[in-house]
Amino acid sequence: MKLSSRIPFRLALKQTPEQRSSSIDTYQRTMLHSNLLRLVARGGPKRLMSTATKLTTVEVNDKTGIATLTMNRPPVNSQNVQLLEDLQKSITEIENNKSRGLILTSAMSNVFSAGLDIHEMYNTNEERLRIVWTELQNAWIALYGSSLPTAAAINGHAPAGGCLLATACEYRVMVPNCRIGLNETQLGIIAPKWLMSGFLNVLPKRVAERALTQGRMFTTQEAFEVGLVDEIANSKEEALEKCSAFIGSFAKVNSLARGLTKLQFRAENIKEFEKIREKDVANFIALASRPEIQKDMGIYLENLKKKGKK
Ligand SMILES: CC/C=C\C/C=C\C/C=C\CCC/C=C/C(=O)SCCNC(=O)CCNC(=O)[C@H](O)C(C)(C)COP(=O)(O)OP(=O)(O)OC[C@H]1O[C@@H](n2cnc3c(N)ncnc32)[C@H](O)[C@@H]1OP(=O)(O)O
């Protein structure tokens with residue numbers, strides 16, 4: 001499926017008859033391709049890879065060669081150091097096993113990932129904060145900088161660090177009635193530039209600026225309308241199928257040429273990130289150690305707990 005061929009019907013109506021017939025043609029080919037992939041994806045035997053990880057699993061579909069990386073840290077996949085390290089190990093393993101692509105998803109029924117585990121940042125020491133932030137950076141760059149085709153099957157809410165992982169991927173499919181966004185300003189904190197890069201890759205600058213300054217959490221429908229997610233799926237299974245179809249769209253493209261082209265698009269952000277990563281860790285430690293931020297974290301955690309008991 002060519003990305004340029006994903007023309008919504010309402011836009012297709014504005015095209016010339018020639019453009020329209022070519023889009024419809026491409027649309028039919030796309031549907032056929034995606035239906036074929038669905039059949040293959042359903043029927044294909046799955047192989048569990050031998051990851052030495054506790055909080056992630058990797059399953060490779062033997063027919064399609066696509067790996068599904070599942071985060072499994074109940075109740076909400078909050079990103080502690082272990083989950084961030086496991087994500088990196090799984091990504092490396094998928095790359096080394098020459099899978100055709102990577103789909104990131106969650107084992108939880110209503111949450112993709114709740115973002116950083118606030119417990120790991122609360123009432124702790126500088127060394128722990130350094131590890132937390134370094135592992136978040138490492139997990140992000142492993143995903144954002146992967147030359148493999150990557151897609152996120154967002155089967156639940158994806159605030160903050162959850163949105164970070166989803167937007168590090170090239171394609172996003174989300175289930176209805178969930179929320180996604182970078183809500184940092186709502187928490188009184190500032191997301192550093194590298195953390196916004198994926199978001200800025202997919203949204204027009206004006207929309208991104210407004211969303212980031214508001215700390216806006218988009219509903220699935222809103223995220224689709226602004227382009228933060230590429231498709232909506234009615235279930236996790238359908239989201240996985242749509243992600244497989246996206247990865248399958250590169251079947252006839254030279255993988256080296258594809259990967260290098262992707263990385264050229266991302267090179268500037270990666271270079272910027274590498275330049276500031278040490279300083280960024282120091283900034284994070286300084287911010288997260290501030291007494292007023294620590295106090296806010298405590299209140300935030302209390303409120304989350306209270307909400308959970310209601
Ligand atoms: C206030 C400032 C906080 C921290 C940052 C400080 C400095 C950082 C500087 C820069 C960082 C920027 C980069 C990234 C930041 C982040 O990712 S911060 C995390 C932001 N995440 C959120 O705000 C999401 C909070 N969670 C939710 O909104 C909801 O839990 C949910 C919509 C994801 C799921 O809702 P439900 O299914 O209804 O589940 P519950 O809300 O009942 O939660 C179940 C259980 O899980 C605990 N929990 C939820 N989220 C987190 C989390 N992020 N960290 C730790 N724990 C979390 C929640 O308290 C419940 O616990 P129990 O009550 O069962 O004990």
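The protein has 11 helices and 10 strands, where helices (H or I, at least four residues) and strands (E, at least two) are DSSP runs numbered from the N terminus. Keep in mind that this is a predicted model: local features need pLDDT of at least 70, side-chain atom pairs count only at pLDDT 80 or more, and totals for chains, interfaces and linings use all residues. Residue numbers start from 1 along each chain as its sequence is written.

Let's start with the inside. Of the 310 residues, 39% count as buried; that label takes 20 or more other C-beta atoms within 10 Å of the residue's own, while 12 or fewer makes it exposed and anything in between partly exposed, with C-beta atoms placed from the backbone. Contacts, meaning C-beta atoms placed from the backbone that lie within 7 Å, reach well along the chain: among those between residues at least 6 apart in sequence, 71% join residues at least 24 apart.

The largest nonpolar core holds 73 residues, and Ala151, Ile154, Ile180 and Cys243 touch the most other members. A core here is a set of buried Ala, Val, Leu, Ile, Met, Phe, Trp, Tyr and Cys residues joined through C-beta atoms within 7 Å. Helix α4 (residues 126-144) gives the most to this core, with 8 residues.

Leaving aside neighbours within four places in sequence, its contacts include Ile154, Ala158, Met217 and Phe218. Phe218 itself sits in strand β9 (residues 218-219) and counts as buried because it has 21 C-beta neighbours inside 10 Å. Not counting residues up to four places away in sequence, Phe218 touches Arg179, Ile180, Gly181, Ala223, Val226 and Leu228.

Now for the ligand. It is surrounded by 33 residues, the closest being Gly115, Ala160, Gly161, Leu304 and Gly308; a residue is near if its C-beta atom, placed from the backbone, lies within 6 Å. The elements giving two or more residues to this shell are α10 (255-289) and α11 (291-309), and α11 gives the most, with 8 residues.

Pro74 and Pro75 are joined by a cis peptide bond, with omega about 5°, and Pro75 lies in the loop between β3 (66-71) and α3 (81-96). Asn123 is not a glycine, yet has a positive phi of about 50°; Asn123 counts as exposed because it has 10 C-beta neighbours inside 10 Å. Asn177, also not a glycine, has a positive phi of about 60° and belongs to the loop between β7 (171-174) and β8 (179-181).

Terms used. Contact = placed C-beta atoms within 7 Å.
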